[in-house]
Amino acid sequence: MAFPKRKNLQEKRRQHLVITGSRNPVKIKCIEEAFHMTFEKSFMVQGLNVGSGVGKQPLGDTETYTGAYNRASNSKIAFPEADYWVGIEGGTEEIGEDLTTYAWIVIMDKNGKVGQAKTATFFLPKVISNLVKGGMELGEADDQVFNRVNSKQGNGAVGILTNGTVNRKDLYKQAVILGLIPFINGDMY
């Protein structure tokens with residue numbers, strides 16, 4: 001009977017550290033679940049408050065992606081001894097008179113590899129769109145329209161609008177998994 005090499009067992013037992021550029025519990029939980037689902041390793045996910053370098057409510061793919069990239073990069077600068085750094089940035093985009101929302105995910109590892117993905121996109125109701133277009137952050141607009149408090153650390157707009165059928169954690173988790181594709185298939189990326 002062959003025994004696994006000690007180094008392989010130690011590697012599997014070692015807890016890998018993932019730092020995310022947000023202390024939002026929804027973002028931390030989705031990252032934790034996505035990493036555990038994707039790899040047969042142990043992970044500890046910690047959140048940091050780091051700047052995104054973009055507006056409070058990013059508009060368009062470029063600004064939203066930049067915010068996610070900056071959060072991952074700034075997390076790496078703040079805590080360089082981690083194994084992975086993740087940035088998640090929610091944004092909006094105007095399509096004609098309507099407003100859509102989504103998030104960009106950027107993942108970096110200690111070897112310099114970068115993975116990126118975007119969540120599904122959905123249209124916001126006019127009443128929320130008008131508040132966001134008027135300068136309000138989406139989470140604040142949700143709270144005002146739906147009489148909630150800090151909904152962005154809960155189900156968010158997607159959870160409210162789907163009556164909980166799709167929640168913010170699961171929306172983000174799928175994109176985090178997609179962002180991990182270059183790490184899953186390291187020899188191809």
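Good morning. Let me begin with a term: two residues are in contact when heavy atoms of theirs lie within 4.5 Å. The structure above is a predicted model.

With that term in hand, consider helix H5. Its buried residues are Leu138, Gly139, Ala141, Asp142 and Asp143. What covers these buried residues of H5? The cover includes E4, H4 and H6. Just after H5, Asn147 takes a positive phi of about 55°.

I turn now to the interior. In soluble globular proteins, nonpolar side chains tend to be buried together. Here, the largest nonpolar core has 30 residues, and Ile31, Phe35, Ile88, Ile107 and Val176 have the most contacts inside it. Among the elements that give two or more residues to this core are helices H2, H5 and H7 and strands E3 and E4. Another core, of twelve residues, lies apart from it and includes Leu17, Ala72, Tyr102 and Val106.

Phe35 deserves a moment. Beyond its neighbours within four places in sequence, Phe35 is in contact with Val18, Phe43, Tyr84, Val86, Ile107, Val176 and Leu180.

Finally, let us consider a pair of helices. The axes of H2 and H7 are 8 Å apart, and the helices pack at an angle of about 45°. On the H2 side, the contact includes Ile31, Ala34 and Phe35, while H7 supplies Tyr172, Val176 and Ile177, among others. By class, nine nonpolar, one polar and six charged residues make up this contact. Thank you.

Technical notes. Residues are numbered from 1 along each chain as its sequence is written. This is a predicted model: local features need pLDDT of at least 70, side-chain atom pairs count only at pLDDT 80 or more; totals for chains, interfaces and linings use all residues. Side-chain values use heavy atoms; hydrogens and water are left out. A nonpolar core is a set of buried Ala, Val, Leu, Ile, Met, Phe, Trp, Tyr and Cys residues joined through side-chain atoms within 4.5 Å. Buried means under 20% relative accessible area, exposed over 50%, partly exposed in between (1.4 Å probe, protein chains only). Helices (H or I, at least four residues) and strands (E, at least two) are DSSP runs, numbered from the N terminus. Axes are lines fitted to C-alpha atoms, for helices over the stretch in contact, and angles run from 0 to 180 degrees between N-to-C directions. Ala, Val, Leu, Ile, Met, Phe, Trp, Tyr, Cys and Pro count as nonpolar, Asp, Glu, Lys and Arg as charged, and the others, Gly among them, as polar.
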